There are 2 protein chains.
Amino acid sequence: MPRAAKHQRGAKLRSAAFSRIRSDHQSELAEDYVELIADLIDERGEARGTDVAMRLGVANATVVKTLKRLQDAGLVTQEPYRAIFLTGEGWKMAEDGRRKHRIVEGFLLALGVSEETARIDSEGIEHHVSEETLRAMARFLARNGR
Amino acid sequence: MPRAAKHQRGAKLRSAAFSRIRSDHQSELAEDYVELIADLIDERGEARGTDVAMRLGVANATVVKTLKRLQDAGLVTQEPYRAIFLTGEGWKMAEDGRRKHRIVEGFLLALGVSEETARIDSEGIEHHVSEETLRAMARFLARNGR
DNA sequence: CAATAGATTTAGCCAATGCTAAACTTTCTG
DNA sequence: CAGAAAGTTTAGCATTGGCTAAATCTATTG
């Protein structure tokens, strides 16, 4: 038996937490898209592919391809050459993302970081906070927040 | 001109923050790998591919392929069929990740979340906190921490 | 109402990250 | 020390998410 087998104790216990990080990348992207689409609809009445591409900083063709997947996933609907709409499920996901975003951003501000940093960091963090942590942040916000 | 062109104001201002999220995925993976390898070396004297695969919850072949990229990036060294080592740069990245990890995990605990949640959430959050937010967390920890 | 500009889609490419199955090394053990 | 078990690598495939260039559609406007 090879050498590594002599220390095999308790290794798979931690794999759950790690693999979560990895496979969640796809749903993060989906959340970013639907959140942005929801914002665009609210801000300007409709979401166009070009606007999504510009705000995400990717090429138009990339948006088209990703929207096709989101459509298959039942999050958005779109007719060729027309604006993008969210399904019920899409709106739910967008609202959930916005809620997390609001809590995390407000929390960071209450912690004392700059607005710029709060905005940027909350974009990254929002996809990785559990409900328990969100509750803790909301609690903190209720006491120290503004 | 198509209809969408009538509201083009100020769209690209926000793209920087968004694109950061997207392209950072690769370095996140690299950080996870080197951090885990550092932990394995410290815990058991050496890091073997199988251990990395198990803890990350991926197949052996995936680890081999990723390690090849990390080797090209100058973060690890490895002879075929032998254990994995970190380069100086690899150690630096690992140490930096561990430092962030410690701060974030300790901070979450001080915020009042469970150990389990603090462990899991900090894995996800550590890649998305700026130095400014880390300082704010450390400050909080110094006052309320344990 | 035809031309054109801008938006959108298609086609085809690439790299990263995952997998399984098969081949090959290393190490332990009888 | 030969065989078997475990670890490691190779080969080949799929998906995701990115790009550019070319083709196509829509809508404005002269």
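Which handedness does the crossing of H5(B) and H6(B) have? I put this to a predicted model, and I found the crossing of H5(B) and H6(B) to be right-handed.

**Entry 1: the helix pair in chain B**

I looked up the axes of helix H5 (residues 88–111) and helix H6 (residues 115–125) of chain B, which come within 9 Å and cross at roughly 140°. I therefore record H5(B) as oblique to H6(B), since only angles over 145 degrees count as roughly antiparallel.

I next listed the residues that make the contact. H5(B) contributes B:His101, B:Val104, B:Glu105, B:Leu108 and B:Leu109. From H6(B) come B:Glu115, B:Ala118, B:Arg119, B:Asp121, B:Ser122, B:Glu123 and B:Ile125.

**Entry 2: Tyr81 in chain A**

I then turned to backbone angles. A:Tyr81 has a phi near 65°, a positive value in a residue other than glycine. I located A:Tyr81 in the loop between strand E1 (76–78) and strand E2 (84–86) of chain A. I checked its accessibility as well: A:Tyr81 counts as exposed because its relative accessibility is 79%, and the cut-off for exposed is over 50%.

**Entry 3: Tyr81 in chain B**

I repeated the look-up in chain B. B:Tyr81 is not a glycine, yet its phi is positive, at about 65°. I placed B:Tyr81 in the loop between strand E1 (76–78) and strand E2 (84–86) of chain B.

Definitions and conventions
Residues numbered from 1 in each chain as written. Chains lettered and ligands numbered in written order. Predicted model: local features only at pLDDT ≥ 70, side-chain atom pairs only at ≥ 80, totals over all residues. Heavy atoms only, no water. Axes fitted to C-alpha atoms, helices over the stretch in contact; angles between N-to-C directions. Helix = DSSP H or I, 4+ residues; strand = E, 2+ residues; numbered from the N terminus. Parallel < 35°, antiparallel > 145°, perpendicular 65-115°, else oblique. Left-handed = near helix turned anticlockwise from the far one by under 90°. Contact = heavy atoms within 4.5 Å. Buried < 20%, exposed > 50% of the residue type's maximum accessible area, 1.4 Å probe, protein only.
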